[in-house]
Amino acid sequence: MSRRSGILEFAVLGLLRESPMHGYELRKRLNTSLGIFRAFSYGTLYPCLKTLVANGWLIEEPAAAADAASTAPASSLTGRRAKIVYRLTTEGKEHFEELLSHTGPDSWEDEHFAARFAFFGQTERDVRMRVLEGRRSRLEERLEKMRASLARTRERLDDYTLELQRHGMESVEREVRWLNELIESERSGRDRRRSSPEGSAQQDKPGETGGLPRRRDTTPPDTSDDTAK
């Protein structure tokens, strides 16, 4: 399984954990809520859904009985297929929760991190922290390489190429600052819980944000198109 198909499976399971959906709804949510999938098509989504069904993580159900009854004559006349709703199974929920707990290097990469971040509301605080810190470490390594490369090649670059290199560096620096804010907010939230009278008896739960910084846009900055990585 390719990395991108693995990310798509993760995102589909995460969305279906919220509620059952049919294929069109899923595609719309993936396109609008998870911008990393804007370029994918039904030809990509439906094989993914079939794989998840075959693995026992999803089940296919017909649309609501009332809707099916009202559309049955039209479907039989037009040859259109009735809508299929996809629902997460108990095994699918367990598999998604297992995926949520992963904090290895793959979760720090550009597209995978964006998908992981989209489901931080369902992720344990300690896991969120490890993913954020891993992502920051990865970007700091990338930034060092970009600076070293620019220092070696600066004299050979024309003004426009040099400006493009600087733009890429600024994008990475901006995301590092954003990650620093998120990490500090997570730590502050955890410290507040520990210092509260009930802190010792409370457990961190998915959905507790730890007091995210107030921002107009919490979407991960896009560094996937940086010219030097």
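Buried residues are those under 20% relative accessible area, exposed residues those over 50%, and partly exposed residues lie in between (1.4 Å probe, protein chains only). By that scale Glu133, at 27% relative accessibility, counts as partly exposed. The model is predicted, so that local features need pLDDT of at least 70 and side-chain atom pairs count only at pLDDT 80 or more, while totals for chains, interfaces and linings use all residues. Residues are numbered from 1 along each chain as its sequence is written, and side-chain values use heavy atoms, with hydrogens and water left out.

**Helix H3**

- Helices (H or I, at least four residues) and strands (E, at least two) are DSSP runs numbered from the N terminus, and helix H3, residues 42–54, has 13 residues and reaches 18 Å from its first C-alpha to its last, close to the 18 Å expected at 1.5 Å a residue, where the expected span is 1.5 Å times one less than the number of residues.
- Leu45, Cys48, Leu49 and Leu52 are buried in H3; they cover an arc of only 100° around the axis, which puts them on the same side of H3, the arc being that of the directions from the helix axis to the C-beta atoms.
- An α-helix has 3.6 residues a turn, so residues three or four places apart point the same way.
- The face of H3 turned away from its buried side carries the exposed residues Gly43 and Ala54, and just after H3, Gly56 takes a positive phi of about 85°.

**The sheet**

- An open sheet is formed by 3 strands in the order E1-E3-E2 with antiparallel pairing, two strands being paired if DSSP finds at least two bridges between them.
- Strands E1 (21–22) and E2 (58–62) stand at the edges, each with a single partner strand, so one side of each is left without a neighbour in the sheet.
- E2 pairs with E3 (residues 84–88) in the antiparallel sense over 5 bridges, and Pro62 stands opposite Ile84 in E3.

**Salt bridges**

- The structure holds 14 salt bridges, each defined as a side-chain nitrogen of Lys or Arg within 4 Å of a carboxyl oxygen of Asp or Glu.
- Glu186 and Arg125 meet through their side chains in a salt bridge (3.7 Å, N to O), a pair that links distant parts of the chain, with Glu186 in helix H8 (residues 159–195) and Arg125 in helix H7 (residues 125–153), 61 residues apart.
- Glu186 counts as buried at 3% relative accessibility, and Arg125 is buried with a relative accessible area of 2%.
- Arg187 forms a salt bridge with Glu133, the closest N and O atoms being 2.9 Å apart; Arg187 is partly exposed, with a relative accessible area of 31%.
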